[in-house]
Amino acid sequence: QDPEYSRHVSMGWNYRMPELCSAVALAQTENMDALVAIRQDAAGLFLDAMSGFEDILKPQKTPPGATNSYWTLAAALNTKRISWQEFRNQFLVNGGHGFYAAWQLTYLEPMFANLELLGREKFISRANLEKYKKGACPVAEDLQPRLVQFKTNYWDLNEAREQAEILSKTLAGIARS
């Protein structure tokens, strides 16, 4: 997934969750602590792999007193050193499974630019849309294309350990270049 990829071409408005999905989600709450622990353990392996390479890949911070469930582990790539695409390619060449990019900022997605809002266009007038152009949120716009998100839902921590080692190898190679 490239950070420049436009994902949302039109708005969707289906808020109903099927009963089966609700039942599965409810049952999984009994396993919540174990499921979150797996993600935290996997994230810990990736954080260890990034240690010492913060000039290339700076991991997200968890504020003191907060607990991170690590849906993914996000890190900011120093794109002055290596492009997002080059970093991803090197990670893949080394055996990595790949990782996610951050979605485009919502107001830069095609559905807003083209007002493809399924009849709800009245919620954003053309005049208000003019406020949401590139440059509206410069810090977010700088960060979004540099974000790398590693998956943490490894049910086998040996696989996560292997991916963390590949990340470490990738970062060491970049540091030497």
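**Helix, sheet and aromatic cluster**

Good morning. Helix α3 (residues 84-93) lies across β1, β2, β3 and β4, and runs at about 25 degrees to β4. Helices (H or I, at least four residues) and strands (E, at least two) are DSSP runs, numbered from the N terminus. The axes are lines fitted to C-alpha atoms, for helices over the stretch in contact (heavy atoms within 4.5 Å), with angles from 0 to 180 degrees between N-to-C directions.

This is a predicted model, in which local features need pLDDT of at least 70 and side-chain atom pairs count only at pLDDT 80 or more, while totals for chains, interfaces and linings use all residues. Residues are numbered from 1 along each chain as its sequence is written, and side-chain values use heavy atoms, without hydrogens and water.

Now the sheet. Its four strands form an open, antiparallel arrangement in the order β1-β2-β4-β3, where pairing requires at least two DSSP bridges between two strands. The edge strands, β1 (57-59) and β3 (100-101), each pair on one side only. Strands β2 and β4 share five bridges.

Next, the aromatic residues. Ring pairs (centres within 6.5 Å; planes under 30 degrees apart stacked, over 60 edge-to-face, the rest tilted) link Phe46, Trp84, Phe87, Phe91, Phe99, Phe150 and Tyr154 into a cluster. The structure holds seven aromatic pairs. One of them joins tryptophan 84 and phenylalanine 99: the centres are 5.4 Å apart and the planes at 85 degrees, so this pair is edge-to-face. Tryptophan 84 belongs to helix α3, whereas phenylalanine 99 is in the loop between α3 and β3, 15 residues apart.

Note on methods
Rings of Phe, Tyr and Trp (its six-membered ring) pair if their centres lie within 6.5 Å; planes under 30 degrees apart count as stacked, over 60 as edge-to-face and the rest as tilted.
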